[in-house]
Amino acid sequence: MQDYVAAIVFGAVIGVVARAVLPGRQAIGVIPTVLIGMGAAVAGTWASDRWDVHSDLHFTVTGRTFDWAVIGVQVGIAVVGVAIAALLVRAFSTDRVRD
């Protein structure tokens, strides 16, 4: 159970960082941000392992060690995910006035 909570918190942090890095305002909610962050964490870990992207710089949070290069890949994937989600929300939004 603790691993699931850690994954949700970590996904939320990655999603929030991605939204902060991406310029402009994104009209997506908290739940999509967390889900995108969680997906990016999984995809970024897989991609880092697949292409052997690792660094010697690590940090530890509550007994877990994280690699900065892997975090960078995860945030990069999350930025792309948040950008795509924001574009889709804008494209299918009915809030704008049409002529």
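In this predicted model, Ile-36, Ala-40, Ala-41, Ala-43, Gly-44, Thr-45, Ala-47 and Ser-48 of helix H2 meet Val-70, Val-73, Gln-74, Ile-77, Ala-78, Gly-81, Val-82 and Ala-85 of helix H3, where contact means heavy atoms within 4.5 Å. Sorted by class, the contact of H2 with H3 has 11 nonpolar, 5 polar and no charged residues; here Ala, Val, Leu, Ile, Met, Phe, Trp, Tyr, Cys and Pro count as nonpolar, Asp, Glu, Lys and Arg as charged, and the others, Gly among them, as polar. The axes of H2 (residues 30-50) and H3 (residues 68-91) come within 8 Å and cross at roughly 135°, each axis being a line fitted to C-alpha atoms over the stretch in contact, with angles running from 0 to 180 degrees between N-to-C directions. H2 is therefore oblique to H3, given that angles under 35 degrees count as roughly parallel, over 145 as roughly antiparallel, 65 to 115 as roughly perpendicular and the rest as oblique. The crossing of H2 past H3 is right-handed, a term used if the near helix is turned clockwise from the far one by less than a right angle, and left-handed if anticlockwise.

These two helices belong to a protein with 3 helices and 2 strands, which follow the pattern α-α-β-β-α along the sequence; helices (H or I, at least four residues) and strands (E, at least two) are DSSP runs, numbered from the N terminus. Residues are numbered from 1 along each chain as its sequence is written, side-chain values use heavy atoms, with hydrogens and water left out, and local features need pLDDT of at least 70. Side-chain atom pairs count only at pLDDT 80 or more, while totals for chains, interfaces and linings use all residues. The C-alpha trace spans about 55 × 30 × 20 Å along its principal axes, and of the 99 residues 27% count as buried, with buried meaning under 20% relative accessible area, exposed over 50% and partly exposed in between (1.4 Å probe, protein chains only). Among contacts in the protein with a separation of 6 or more, 59% come from residues 24 or more positions apart.

Phe-10 counts as partly exposed, at 22% relative accessibility. Ring pairs link Phe-10, Phe-59, Phe-66 and Trp-68 into a cluster, rings of Phe, Tyr and Trp (its six-membered ring) being paired if their centres lie within 6.5 Å, with planes under 30 degrees apart counted as stacked, over 60 as edge-to-face and the rest as tilted.

How many aromatic pairs does a search of the whole structure find? There are 4. The rings of Trp-46 and Trp-51 have centres 5.8 Å apart and planes at 75°, so this pair is edge-to-face. Trp-46 is exposed, with a relative accessible area of 53%, and Trp-51 is exposed at 59%.

Asp-52 is found in the loop between H2 and strand S1 (58-61), and is exposed with a relative accessible area of 61%. Most residues other than glycine have a negative phi, whereas Asp-52, not a glycine, has a positive phi of about 55°.
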